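Here are my notes on the model, as numbered points. Please read them with the structure open.

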Amino acid sequence: RTSIGGIGRDRIARLRETEAEAFRKARPKSAAKIGNGLPGFFGGVPMHWMNDWPTPFPILVDSAKGATITDIDGNRLDDFCLGDTGSMFGHSPPPVARAIRRQAGRGLTYMLPSEDALAIGPLLQQHFGLPFWQIATTATDANRFALRVARAVTSREKILVFNGCYHGSVDETMVRLVDGRPVNRPGLAGEFRDLTHKTGVVEFNDLPALEAALRGKDIACVITEPVLTNSCMVLPDPGFHDALRKLTRAAGTLLLIDETHTISTGPGGYTRTYGLEPDLFVLGKPIAGGVPASVWGMSDDVATRYAAYNLTKEPGYSGMGTTLSGNPLQFAAMRATLEEVMTDENYLHMGRLALRLHAGLTGVIDRYRLPWHAARVGARVEFICAPGPLRNGGEAEAAHAPDLEAAIHVALVNQGVLIAPFHNMMLISPATTATQVNRLITAFGAVAARLAA
Ligand code: PMP
């Protein structure tokens, strides 16, 4: 193909080159320190995803506050990546920072509850509706544990995912449809099992395929995000969630809703805003304001069945729980987040600015007649360098334009705006200002003008 997303390859390559040069030039100190990688780390980074940013080398952060991140060269960036949702409520939200300071001298991990934990159970019930909860440290782990319970209580081995899903590094969800055939997700390291034996995969919004997959009544659980946010952004068709719930119930299959990204919708997630009725619920990333923590919840029915299952089982290691989970630092930070940060008022602000951002990006796309579109779920906005809306993970895969996106990302950074790597995601936090949103729209317009010229 000579063009990607309606833009000529030559033009994309030129933009990438100029912008990479500008990035380096603005960061002499960073280049000297990490231009050739961080010493002592495999691949030159402490966590290999840090190499996936499209900048010539990772931004070496000095500090971050609210929705601004500052690198060691003194470049200030309006941060719309926000740690890919971990800091969706802003960097160091003041109530969370206070809670951390309060807990800092009182012990950081005991494998025992603190008094903050007394408040958290009821807060989780109020926010998300489900009656029984557990705390873990990552969304990955919360999903793994919830899936384990789903298999335990249904006595079924298999699960079902939607094509293009991401639920963390949960082995059994790592499958894809390639030319309509289920396969292990390309790129998996050290995986010798054929995961498709135990994991079914169908396209999102494809109700006939879902119905067919559930017909054998051998699926323990369907795990999904309410909106696919890891495959560009794919919104559910009207009626999709209703049908998903009816079909899973009819098949005796549990429904796990992973709200880790869609918590951008409101203080009770997409689930509460749209009245979903999950059997299992998972939320990680920002639930403790940036301190590593996650939660997973069970319905009354699942909890009753799980308690009964435990009575029948040999006592022994459940395969769930990790040593640092449910520690007092998590409790303090999570309580502060649930009580003082995940408020209606904050979400109102986030939603308003996200609407403005979505309209602004759409305006730019229209002005330059680009074959692109923008999508939104609450405070989360995504631009996609292909026409839309996308209806499933297969379409989303085809819509990805990595080279073009990388060129745009670096050009935005050079104008003082940071958006999430891997895709084109932008988050609005309670600390984000209208001025920052306007700057992003202007910067996006400037890049679009250069690409379309
Ligand atoms: N669920 C969803 C929907 C996610 O997007 C992610 C991460 N992007 C996870 C789970 C896993 O989160 P973590 O990497 O913090 O375990």
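1. Glu 19 sits in helix α1 (residues 9-25). Helices here are DSSP runs of H or I with at least four residues, strands are runs of E with at least two, and both are numbered from the N terminus. The model is predicted: local features need pLDDT of at least 70, side-chain atom pairs count only at pLDDT 80 or more, and totals for chains, interfaces and linings use all residues. Residue numbers start from 1 along each chain as its sequence is written.

2. Is Glu 19 buried or exposed? Glu 19 is buried, because 25 other C-beta atoms lie within 10 Å. Buried means 20 or more such atoms within 10 Å of the residue's own, with C-beta atoms placed from the backbone.

3. Ala 411 is 392 residues away in sequence, yet the two C-alpha atoms are 5.6 Å apart. Leaving out residues up to four places away in sequence, Glu 19 touches Ala 407, Val 410, Ala 411 and Asn 414. Contact means C-beta atoms, placed from the backbone, within 7 Å.

4. Now the sheet. Seven strands form an open sheet with mixed pairing, in the order β6-β14-β13-β12-β11-β7-β10. Its edge strands, β6 (132-136) and β10 (199-202), each pair on one side only. Strands pair if DSSP finds at least two bridges between them.

5. Inside that sheet, β12 (residues 254-258) and β13 (residues 280-283) pair in the parallel sense over three bridges. Leu 256 has Leu 280 of β13 as its bridge partner.

Methods: A residue is buried if 20 or more other C-beta atoms lie within 10 Å of its own, exposed if 12 or fewer, and partly exposed in between; C-beta atoms are placed from the backbone. Two residues are in contact if their C-beta atoms, placed from the backbone, lie within 7 Å.
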